[in-house]
Amino acid sequence: MQGTAEYLRSLNPAQHQAVTHDPSVPLQILAGPGSGKTRVLTCRVAHLVDHYSISPEDICAVTFTNKAANEMRERLKKLIGPERTMSLVMGTFHAICAKLLRIYGTRIYLNANFSICDADESKRIIKDLLKPHLAVVRDVPLTLKPAQVLSEISHFKAKGITPSQAKLAAVGTGHNFALNAISENSRIIAEVYEEYAKELKSTNSLDFDDLLIFGVQLLKTDPNIVKNTRHVLVDEFQDTNAIQFELMELLASANKCISIVGDPDQSIYGWRSADVENLQKMKTRLPTTVQIFLEENYRSTAGILRVCLAIISEDKKRIPKTLYTSHGNGPLPILNKCEDERAEGIFLAKEIRRLVAYSGGSFGYGDFVVLLRYNALSRTIETAFQREGIPHRFLGGKKFFERLEVKDLLAYLQVVDNPTFTPAFVRVVNIPKRGIGNKSIEELVAQAKKNGISPMAMVEGIVSDDIPDTKPPLRRKVAPFVKVILELRKQAKKGEYADELIRNLLELIEYQEHLKSTQPDWETRWENVRELITFASQMEPPSYTEDDESPPATDAELNVGPPAELNRGNITPLRHFLESSMLSTDTQTAEEEANKPKVIISTCHAAKGLEWPVVFVLLVFEGGAFPFARSEDHDEERRLLYVACTRAQGLLYLTHCQTRCTEGKLSHVLPAIALLNFHEIAFTSRKDLLPVLPEGDTSLIFKILQRPMPDSQEVQRLVAEL
Ligand code: ATP
Ligand code: MG
């Protein structure tokens, strides 16, 4: 109980009220960045367990990213102990649904060994499906791209529109207007949507949207699954979409105890159908909902907060709210204009190196983040960092799991686990090279489809002589592949751990040799392979395994409620591993990060909810970053800039260039004043700030970070050395 008292003592009165609020009354905690929303949510979980004696397995906490779930888990381990923390149901909506579907999916006729199809694989499927459609249309200029079609399909799914409804709507368009590119495009998108859904079904796979859709379907079919859930908590609620709202309601259907935290000013996923109106919707659905506002920002210096508030206050439609800090000014944010993007990269690298050196050991590389509006901006930064020897890594996205070598190995394991998953089969049937060309693979897939079986079943049949060889040499070529898959399948069924399976796989296919002969940078790639093994070996093993034919959980098991089952059911170690890899957004563990601190490069979207001592935001270019040229919603762009700048604790840099090379063309760029009222904001220009970290105010940075001030003599010595 002493732990309890301690965490309550660290809260301000409004936070305390939120944490201790009666669990049976729905709660909305609305507040600006850095005001402790996530901290309050974490403490509330601890309080529900510790004070209200709610079993951890009956509490469901939803975070926006897996990284956030891990961080919350780490904090809770300290507050309520590792054992109780591990029993909590905690993760993103996607991860929670994936687990429920693994265990109970058979109740809605899903196979437990479904594969999770990532955006890349979805795009590849759509590309193939799109081809014949585009070939038929001649007179109408069509510009459909797989990514665009996928995003449209995703919007349909988020709104609960089925393929047949989409088709009907598209026909409607065609009747109303003359046949033109727009109506033709919608018709094609609707048709591809239908074919795509069929393709996923026949390959026994679900894309990310499906995880939510089927999750909803499952809980609607059998609400008993969550009948013991006593409390549902959701972080970053402003970015939930309609289907996630429905999921939240279903998860909480037993007694409607819900606590959410959110900030409408930070809603940045409108483009992915997130709906900030969900805040109002919750109040309408649960009229007893109480709202609590937090107004003190603990994260940033006053100088930084002032700039952030100046950015967001340009949004005339927003409801103003109070956000103040008791911290002093600190060094003012720094606006830095560079000649071009190359100079910008070098500026970042040098500035980081200088701060690390001058801070007398107080700043390490892990204290810096470079925030980008979109990923492609990272190229020049990376080049500069490589040249200047600044250790760095990407956050978010699926960078690690997107690498060729990682994808190859995962695809092999996917085929082992779910032989009907065609995209994985297509990827690796000819890796290492077995003389099976793309054309043969295409024919094989088409033939299998005609026969109503999967390509894997087809080659298995050919090798075992149950199916006649379509092209006689094929049998010989696919035989080694089939042998590897069968061998690993046997091991996986026995419950072999994923790291061991990967090691065996590497040996069976002589993967290192393959990399050596095909990839000039094979050594780095081999490092990634080893990293994957490490990742696999660090997984907490599922406590119980069954094979595919296991019956669905019994009613007796059901009475225990889902959380206890979440580690059980049809989750073999391999499946558990695949799921974590497919849903993972970041592989670096906190421990690794502490050992090898690196500057983070991240998109602004992925940085949501996080904080760093020093933040660089690559700023405004016309036709470039803020506002993003393709975005029509300038308010959302402004909120995104606000999210980016509010990540900073001690130092905030905004950089922009005079000229920039876009798509090979040099263009003059103007800061997009649309988002920022520059002259109203107090900035420091570079030359005023340094050579050494400014005295006086700088101490505030270290106070916020709760680190000792660098020894000034030591700093002087370092400066003299430089
Ligand atoms: P965001 O909107 O960016 O997600 P948030 O509202 O969730 O921000 P937190 O991340 O929970 O804010 O907290 C921001 C920082 O302030 C954290 O470092 C947290 O530990 C610290 N903090 C929060 N409340 C207090 C408090 N009462 N006393 C001291 N530090 C606090
Ligand atoms: Mg937060």
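Colleague: Which helix supplies the largest share of the shell around ligand 1?
Modeller: This is a predicted model in which local features need pLDDT of at least 70 and side-chain atom pairs count only at pLDDT 80 or more, while totals for chains, interfaces and linings use all residues. Residues are numbered from 1 along each chain as its sequence is written, and chains are lettered from A and ligands numbered from 1 in the order in which they are written. Helices (H or I, at least four residues) and strands (E, at least two) are DSSP runs, numbered from the N terminus. The largest share of the shell, 3 residues, comes from residues 37-50, that is, helix 3.

Colleague: Of the residues around ligand 1, which come nearest?
Modeller: A residue counts as near if its C-beta atom, placed from the backbone, lies within 6 Å of the molecule or strand. There are 19 residues around ligand 1, and those that come nearest are Gly-36, Lys-37, Thr-38, Arg-39 and Tyr-298.

Colleague: How many residues of the shell around ligand 1 are polar?
Modeller: Ala, Val, Leu, Ile, Met, Phe, Trp, Tyr, Cys and Pro count as nonpolar, Asp, Glu, Lys and Arg as charged, and the others, Gly among them, as polar. On that division the shell has 4 nonpolar and 5 charged residues, and its polar residues number 10.

Colleague: How many Å apart are the end C-alpha atoms of helix 4?
Modeller: The expected span of a helix is 1.5 Å times one less than its number of residues. Helix 4 (residues 66-80) has 15 residues, so it should span 21 Å.

Colleague: Against which elements do the buried residues of helix 4 pack?
Modeller: A residue is buried if 20 or more other C-beta atoms lie within 10 Å of its own, exposed if 12 or fewer, and partly exposed in between, with C-beta atoms placed from the backbone. In helix 4 the buried residues are Lys-67, Ala-68, Ala-69, Met-72, Leu-76 and Ile-80. They pack against helix 3, strand 2 (59-62), helix 5 (82-87) and strand 3 (89-91).

Colleague: Which residue of strand 6 stands opposite Ala-61?
Modeller: Two strands pair if DSSP finds at least two bridges between them. Strand 2 runs parallel to strand 3, joined by 3 bridges, and pairs in the parallel sense with strand 6 (residues 231-234) over 4 bridges. Opposite Ala-61 stands Leu-233.

Colleague: Is His-21 buried, partly exposed or exposed, and which residues does it touch?
Modeller: His-21 lies in the loop between helix 2 (13-20) and strand 1 (27-31). Because it has 18 C-beta neighbours inside 10 Å, His-21 counts as partly exposed. Two residues are in contact if their C-beta atoms, placed from the backbone, lie within 7 Å. Not counting residues up to four places away in sequence, His-21 touches Leu-27, Val-290 and Ile-292.

Colleague: What pLDDT does the protein average?
Modeller: pLDDT is the predictor's confidence in each residue, from 0 to 100. Over residues 543-569 the pLDDT stays under 50, although the model has 49 contacts for them beyond four places in sequence. For the protein, 82% of the residues score at least 70, and the average pLDDT is 83.
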